[in-house]
Amino acid sequence: MKTQVLFRKVHHWGSMIIAVPLVIMIGAGILLMLKKEVEWIQPSSISGTERQLVPMASMQNLFTAAKSVEQAEFTSWGELDRADLKPGKGIIKFVSATQWEVQVDTASAKVLKVAKRRSDIIESIHDGSYFADWMKLWLFLPVGIILFVLWLTGVYLFVLTEYKKAKQRKKLKVREL
């Protein structure tokens, strides 16, 4: 079987095999690219008091301020998914297990912003772990590898086609002379 025919078959069947997971990956990937521009996906950061001017409040005081926000459902450190310290902006972001983000000024321990954070769930959809942990490595990773193979075979087929067209044009020019 010619390489060209094999690559066309790989392209044909490979694209059918990866169609559904690839649409999910692309859709979620597009949303992730927009996370800093679209407030609905990930809340923008509010600037607090500059850290160089004022010493930082204790971590317990900062978390106590975050616990005062009912939507976040913080009752203990156990409900905390992550804390993201932004010293240059003078804030700390507390993210709850329910994906609520509470931004607290590191100097005054004042709550600056409360918003739902959807970027983490979109990321888990993008990598497949949202559906099941095994899907990340056993479905979405192979889809990525197959997509890479499709890209390689596509480039090969494109270059080969263009080369043949150029060769044909050159032949026609020689005949005309």
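How many bridges join strand S2 to S3, and in which direction do the two strands run? Five bridges join S2 (residues 91-96) to S3, and the two run antiparallel; strands pair if DSSP finds at least two bridges between them. Strands (E, at least two residues) and helices (H or I, at least four) are DSSP runs, numbered from the N terminus. This is a predicted model, in which local features need pLDDT of at least 70 and side-chain atom pairs count only at pLDDT 80 or more, while totals for chains, interfaces and linings use all residues. Residues are numbered from 1 along each chain as its sequence is written, and side-chain values use heavy atoms, with hydrogens and water left out.

**Strand S3 and its partners**
- Strand S3 (residues 100-105) is mostly covered, with five of its six residues buried, where buried means under 20% relative accessible area (1.4 Å probe, protein chains only).
- On the S2 side, Lys93 has Gln103 of S3 as its bridge partner, and the hairpin of S2 and S3 has three residues between the strands, with Gln99 taking a positive phi near 70°.
- Five bridges also join S3 to strand S4 (residues 111-116), again antiparallel, and Val104 stands opposite Val111 in S4.
- The hairpin of S3 and S4 has five residues between the strands, and Ala109 takes a positive phi near 60° there.

**Helix H2**
- In helix H2 (residues 59-67), Leu62, Phe63, Ala65 and Ala66 are buried.
- Seen down the axis of H2, the buried residues line one face of the helix, because they fall within an arc of 155°, taken from the directions from the helix axis to the C-beta atoms.
- These buried residues of H2 pack against strand S1 (80-86), S2, S3 and S4, contact meaning heavy atoms within 4.5 Å.

Notes
Buried means under 20% relative accessible area, exposed over 50%, partly exposed in between (1.4 Å probe, protein chains only).
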